[in-house]
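Thanks for coming. I will walk through one structure today, and you can follow along on the screen.

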Amino acid sequence: MTFHRGKLGHYLEDGPQYCGTVVYVDIGLPAAAPSGAVRLVAAPRGLAKYAGHKYDYGHALILSGEVGKGGAARMAARGALRIGAGAVTVGCPPSALIENAAQLNAVMLRRVPGADALSEVLTDKRINALCLGPGLGTGAREVDLVRAALTAERGLVLDADALTLLSQDADLFALLHDKCVLTPHGGEFARLFPDIAEKLDAPALTGPAYSKVDAVRAAAQRAGCTVLFKGPDTVIADPSGRCSVNAAVYDRSAPWLATAGAGDVLAGFITGLMARGFAPMHAAEVGAWLHVECARAFGPGLIAEDLPEALPGVLRDLEK
């Protein structure tokens, strides 16, 4: 039982496991959260589409890896398309074009052998959001692609292999800007922000304990962009210190999300929302909330490919 509203400990780390059922008791305090408070991500609004051209809803570009490594990018692309981006293109090495063409229909394809080709593709100003990382690779080509994307002045989601490259190259990390969203899991967060992760993992022998909220706020400030630290207690923060928690706990528990490729779809959701014009922090919050709801709607047996297909039903329910 807790007064007024939930506290961070009810949602972070092992808190939900020990709380069981939480009852909130109203004691007459104002409903509005104080300035700087951490918010729980709530059901989003404003996702409906109205009349307009497809490019009114943006064009997302998802960069893919070599032959045999395109599945993650294809899942991200389908997530971006399902969430409402007007157009989605997968950019891949020429050798992977046939493999991707055999599995994509509504998603378009472009040859992107390297950074020069990416710069040429981005002369199309309708491409307003990019996603790099899922199945991308970590070689010299990929370093150049990440660098070109970071200097392209577009909305940019960096996940998976792109996060590994950022953790290995301080010059790349220094190019991060406020249009970027980083989506690390625990291991990736530790590679990107080792000192912050060490502080988070240290035993709390004296209070106040250093929480995941503290860690993500510090990471976002250092990176100069939005950071989404994945988990059942997903924490999202931007450089200003704004912070929210997307808690997949209690009656929102979605353990089926612990499956290969789920994070790639989340990256696609966020990219598609940024293509539609959502600010990075808002896109991360809405994408994370919808990601959980898709898993809950599908239920046991979920695989990553099911997440985009569950999205139409979740969106219909939001419009009721």
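The second largest pocket holds about 290 Å³ of space. Keep in mind that this is a predicted model. Around that second largest pocket there are 11 lining residues, and those nearest its centre are Arg5, Gly6, Val38, Arg39 and Leu40. Sorted by class, its lining has seven nonpolar residues, one polar and three charged.

Now the largest pocket. What is its volume? The figure is about 440 Å³. Its lining comes to 19 residues, with Gly231, Pro232, Ala254, Leu257 and Ala258 closest to the centre. By class, 11 of the lining residues are nonpolar, seven are polar and one is charged. Two helices to look for here are H11 and H12, the latter covering 280–298; each gives at least two residues to the lining of this largest pocket.

Next, the aromatic rings. In general, two numbers describe a pair of aromatic rings: how far apart the centres are, and the angle between the planes. How many aromatic pairs does this structure hold? There are four.

One of them joins tyrosine 11 and tyrosine 250. The centres of these two rings are 6.3 Å apart and the planes stand at 75 degrees, an edge-to-face arrangement. The partners come from distant parts of the chain, 239 residues apart. Tyrosine 11 is in the loop between strand S1 (2–3) and helix H1 (15–19), while tyrosine 250 is in the loop between strand S12 (243–247) and helix H11 (262–275). Are these tyrosines buried or partly exposed? Tyrosine 11 has a relative accessible area of 10%, so it is buried. Tyrosine 250 has 27%, so it counts as partly exposed.

Phenylalanine 189 and phenylalanine 229 make another pair. Why is this pair called stacked? The planes are at 10 degrees, with ring centres 4.3 Å apart, so the pair is stacked; the cut-off for that word is planes under 30 degrees apart.

Phenylalanine 229 has a lysine to go with it. Lysine 212 lies over the face of the phenylalanine 229 ring, 4.3 Å from the ring centre.

Lysine 49 sits over the face of tyrosine 57, at 4.6 Å from the ring centre. Where is lysine 49 in the chain? Find the loop between strand S3 (39–40) and strand S4 (59–63). Its relative accessibility is 43%, so lysine 49 counts as partly exposed. Beyond its neighbours within four places in sequence, lysine 49 is in contact with Tyr57, Gly84, Ala85, Gly86 and Arg276. Take glycine 84 from that list: lysine 49 and glycine 84 are 35 residues apart in sequence, and their C-alpha atoms are 7.9 Å apart in space.

Last item: helix H6, residues 161–168. Which of its residues are buried? They are Ala162, Leu163, Thr164, Leu165 and Leu166. The elements that cover them include strand S7 (127–132), helix H5 (140–150), strand S8 (155–158), helix H7 (170–173), strand S9 (180–182) and H8.

Key: Residues numbered from 1 in each chain as written. Predicted model: local features only at pLDDT ≥ 70, side-chain atom pairs only at ≥ 80, totals over all residues. Heavy atoms only, no water. Phe/Tyr/Trp six-rings, centres within 6.5 Å; stacked < 30°, edge-to-face > 60°. Helix = DSSP H or I, 4+ residues; strand = E, 2+ residues; numbered from the N terminus. Buried < 20%, exposed > 50% of the residue type's maximum accessible area, 1.4 Å probe, protein only. Lys NZ or Arg CZ within 6 Å of the ring centre and 35° of its normal. 1 Å grid on protein atoms, 1.4 Å probe; cavity = no way out; pocket = protein on both sides within 12 Å on 5 of 7 lines; lining within 4 Å. Points joined across faces, edges and corners; volume = space filled by probe spheres on them. Nonpolar A, V, L, I, M, F, W, Y, C, P; charged D, E, K, R; others polar. Contact = heavy atoms within 4.5 Å.
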